[in-house]
Amino acid sequence: MKTYDEDWSCRSSPDQNRMTEWFKNKDLSNKKILHIGIGDSSFALSIAANKIDGITISQIEIDNAKQLNIKNYDIYYLDKYSFLLNNLPNTYDYIVDNNMFNFTSCNICIANYFYSLVQLLNIDGQIITDTGGMFLEGEQQWTINKFKDLIQELNLPLSITEYEKEKSQHFFYVIGLKKTHEYKNPFSNCTS
Ligand SMILES: C[S@@+](CC[C@H](N)C(=O)[O-])C[C@H]1O[C@@H](n2cnc3c(N)ncnc32)[C@H](O)[C@@H]1O
């Protein structure tokens, strides 16, 4: 079973906080959200959505999330790079992950992850991420152009909006990837 050693159950990153802020003025009363890498669950605590599912590979984050007793919040111990991601019980209006490419150097895993995300997204739903999470120390470094090339290469039905680029005083800002049309995941029959 894959595990994550750093303890993020009591703190949240600047990129996570920027994304949480981005959601704050939105009406989410009929929206379903998947949060990948729940950390301290401050996202689920701050957002009034119809439903939030969260995944993590840190047992301490799960224990922390459970004792917070957040309404309409279910947490799963699940490796996002596994095919089992496709077995989540819902489809989503938003999928939130500030470290999309981190914690693996396997490009096939990343491609499979994107295929799964697209399958889990509703049409017009968005993946919300942040440029800040692309530059984790000791991890594969990503750029927005590398990201755009990957979407083109995999022919994914995603259009990119760089939401707070102009407003941002620095290099980091929130990105949305909107699902524009239906798409068949080439690995949708895989189960492990
Ligand atoms: C650096 S922490 C960030 C937590 C939170 N998003 C934040 O920015 O404050 C990374 C998070 O991603 C999760 N994570 C790492 N690798 C993962 C994987 N392969 N599948 C699912 N979650 C993973 C960790 O369990 C942890 O919740």
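Predicted model: local features only at pLDDT ≥ 70, side-chain atom pairs only at ≥ 80, totals over all residues.
**Overall fold**

I started with the element count: the protein chain has 5 helices and 7 strands (DSSP runs numbered from the N terminus, H or I of at least four residues for helices, E of at least two for strands). Along the sequence I read the pattern as α-β-α-β-α-β-β-α-β-α-β-β. The radius of gyration is 16 Å, close to the 16 Å from the globule rule for 192 residues, so the protein chain is as compact as a globular protein of that length. For my own reference, that radius is taken over C-alpha atoms, and the rule is 2.2 Å times the number of residues to the power 0.38.

Residues are numbered from 1 along each chain as its sequence is written.

I also looked up the box: the C-alpha atoms fill roughly 45 × 40 × 40 Å along the principal axes. Of the 192 residues, 34% count as buried (20 or more other C-beta atoms within 10 Å of the residue's own; exposed is 12 or fewer, partly exposed is in between, and C-beta atoms are placed from the backbone). Then contacts (C-beta atoms, placed from the backbone, within 7 Å): of those with a separation of 6 or more, 65% are between residues 24 or more positions apart.

**Strand S5**

Next I went to S5, residues 121-130, and found 7 of its 10 residues buried. S5 runs parallel to S4 (residues 92-96), with 4 bridges joining them; strands pair if DSSP finds at least two bridges between them. Within this pairing, I noted Ile128 in S5 as the bridge partner of Val96. Between S4 and S5 the chain passes through helix H4 (residues 107-120), and this β-α-β crossover is right-handed: with the strands pointing away from the viewer, the path from the first strand over the helix to the second runs clockwise.

S5 also pairs with S7 (residues 174-179), antiparallel this time, over 5 bridges. One of the bridge pairs here is Asp130 with Val174 in S7.

**Asp130 and Asp15**

Asp130 sits in S5, and I logged it as buried because it has 25 C-beta neighbours inside 10 Å. Outside four places in sequence, Asp130 contacts Asp15, Arg18, Met19, Asn98, Phe172, Val174 and Ile175.

Beyond four places in sequence, Asp15 touches Asn98, Asp130, Gly132, Gly133 and Phe172. From Asp15 to Asp97 I have 9.7 Å between C-alpha atoms, at 82 residues apart along the chain.

I listed the buried residues of H1 as Asp15, Gln16, Arg18, Met19 and Thr20. They pack against H2 (42-46), S4, S5 and S7.

Last, the ligand. I found 22 residues around it, with Ser13, Gln16, Gly37, Gly39 and Lys80 coming nearest (near means a C-beta atom, placed from the backbone, within 6 Å). H1 (14-23) and S2 (51-56) each supply at least two residues of this shell. By type, I get 8 nonpolar, 9 polar and 5 charged residues, where Ala, Val, Leu, Ile, Met, Phe, Trp, Tyr, Cys and Pro are nonpolar, Asp, Glu, Lys and Arg charged, and the others, Gly among them, polar.

Key. Contact = placed C-beta atoms within 7 Å.
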